[in-house]
Amino acid sequence: MRTRRDDHVRWLRVEGARMAEAAEAAGMDAKVPTCPDWRVRDLLRHTGEVHRWAAMIVAERLAQRPTGEKAASVRNWPEDDAALLDWFREGHARLVDVLATADLATECWSFHPAPSPVEFWARRQAHETTVHRIDAEVAGRGATPVSAGFAADGVDEILCNFFTSRNPKVTAEPSRTMAVRAVDTGDAWLATIGPEGVATVRGYGTADCTVTGNASDLYALLWNRRGTTGITVAGDASVLELWRTDARVL
């Protein structure tokens with residue numbers, strides 16, 4: 001029987017391969033408009049490091065976030081651009097294998113609620129990789145859409161898990177509300193941005209600002225990888241601008 005882990009690992013495999021292809025097509029020295037200080041080589045280094053970091057946590061069943069020499073050990077990218085793509089692909093393949101074969105009962109460090117740490121890492125790395133695949137494509141020919149169901153899952157992750165009180169980067173006082181509605185999947189969320197972060201419930205509701213569009217467009221918008229073209233913003237647009245200003249993650 002397929003599990004959510006299986007679905008996330010499948011997308012991790014697909015999106016990592018797409019990222020490598022897009023990076024190769026763009027070229028290592030191409031600028032990444034969605035990460036203004038980066039070239040494509042920086043994007044590959046960052047994502048390849050994150051892949052190795054996550055694989056290490058799960059494979060070694062680390063109980064705490066790696067620090068010091070342990071954390072630094074994954075920053076082993078080659079300085080030669082010609083070898084960097086192979087290094088990225090090797091780390092991506094290793095992560096896919098670790099997450100696909102790990103026992104779902106494996107205990108290790110994670111940082112969002114999930115049915116199990118392995119399922120957390122499969123979901124987190126699938127979306128981490130997809131966001132950076134978009135970055136790689138924007139550096140070259142332009143981004144392609146994210147599959148609707150997987151995009152809705154990613155919107156759910158960022159609204160319900162990523163910028164909560166555990167990671168209070170997006171805050172407001174007094175509190176503001178933002179409704180997000182995916183017209184193609186029927187999913188909806190109501191996020192309250194307060195002094196301690198974001199608290200989100202699933203479903204429809206009235207809000208200061210309502211953002212409506214296809215799930216793929218909402219996904220890229222909420223990760224600050226695209227603008228509002230083709231997306232309907234009703235009510236107080238400054239709430240969305242607050243999000244776009246503060247919800248910036250590489």
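The largest cavity is lined by R124, H127, E128, V131, H132, W223, R225, V249 and L250. Here a cavity is a set of points, on a 1 Å grid over the protein atoms alone, where a 1.4 Å probe fits but cannot get out, and lining residues have an atom within 4 Å of a point. By class, this lining holds four nonpolar, two polar and three charged residues; Ala, Val, Leu, Ile, Met, Phe, Trp, Tyr, Cys and Pro count as nonpolar, Asp, Glu, Lys and Arg as charged, and the others, Gly among them, as polar. The space inside the largest cavity is about 40 Å³, where a volume is the space filled by probe spheres set on grid points joined across faces, edges and corners. A search of the whole structure finds one cavity of 30 Å³ or more.

The model is predicted, with local features needing pLDDT of at least 70 and side-chain atom pairs counting only at pLDDT 80 or more, while totals for chains, interfaces and linings use all residues. Residues are numbered from 1 along each chain as its sequence is written, and side-chain values use heavy atoms, leaving out hydrogens and water.

Next come the pockets, a pocket being an open set of points with protein on both sides within 12 Å along at least five of seven lines. The largest pocket has a volume of about 480 Å³. Its lining numbers 21 residues, and V50, W53, R65, F111 and E128 are the closest to its centre. Helices α2 (40–59) and α5 (117–138) each supply at least two residues of this lining; helices (H or I, at least four residues) and strands (E, at least two) are DSSP runs, numbered from the N terminus. Eleven of the lining residues are nonpolar, four polar and six charged.

The second largest pocket has a volume of about 160 Å³. Among its 13 lining residues, R4, P113, A114, P115 and R123 are the closest to the centre. At least two lining residues come from each of α1 (4–26), α5 and α6 (148–162). This lining divides into four nonpolar, three polar and six charged residues.

As for the protein as a whole, there are eight helices and five strands, in the order α-α-α-α-α-α-β-β-β-β-α-β-α along the sequence. The radius of gyration, taken over C-alpha atoms, is 18 Å, close to the 18 Å that the globule rule gives for 250 residues, so the protein is as compact as a globular protein of that length. That rule is 2.2 Å times the number of residues to the power 0.38. Of the 250 residues, 52% count as buried, meaning under 20% relative accessible area with a 1.4 Å probe, protein chains only.

Key. Buried < 20%, exposed > 50% of the residue type's maximum accessible area, 1.4 Å probe, protein only.
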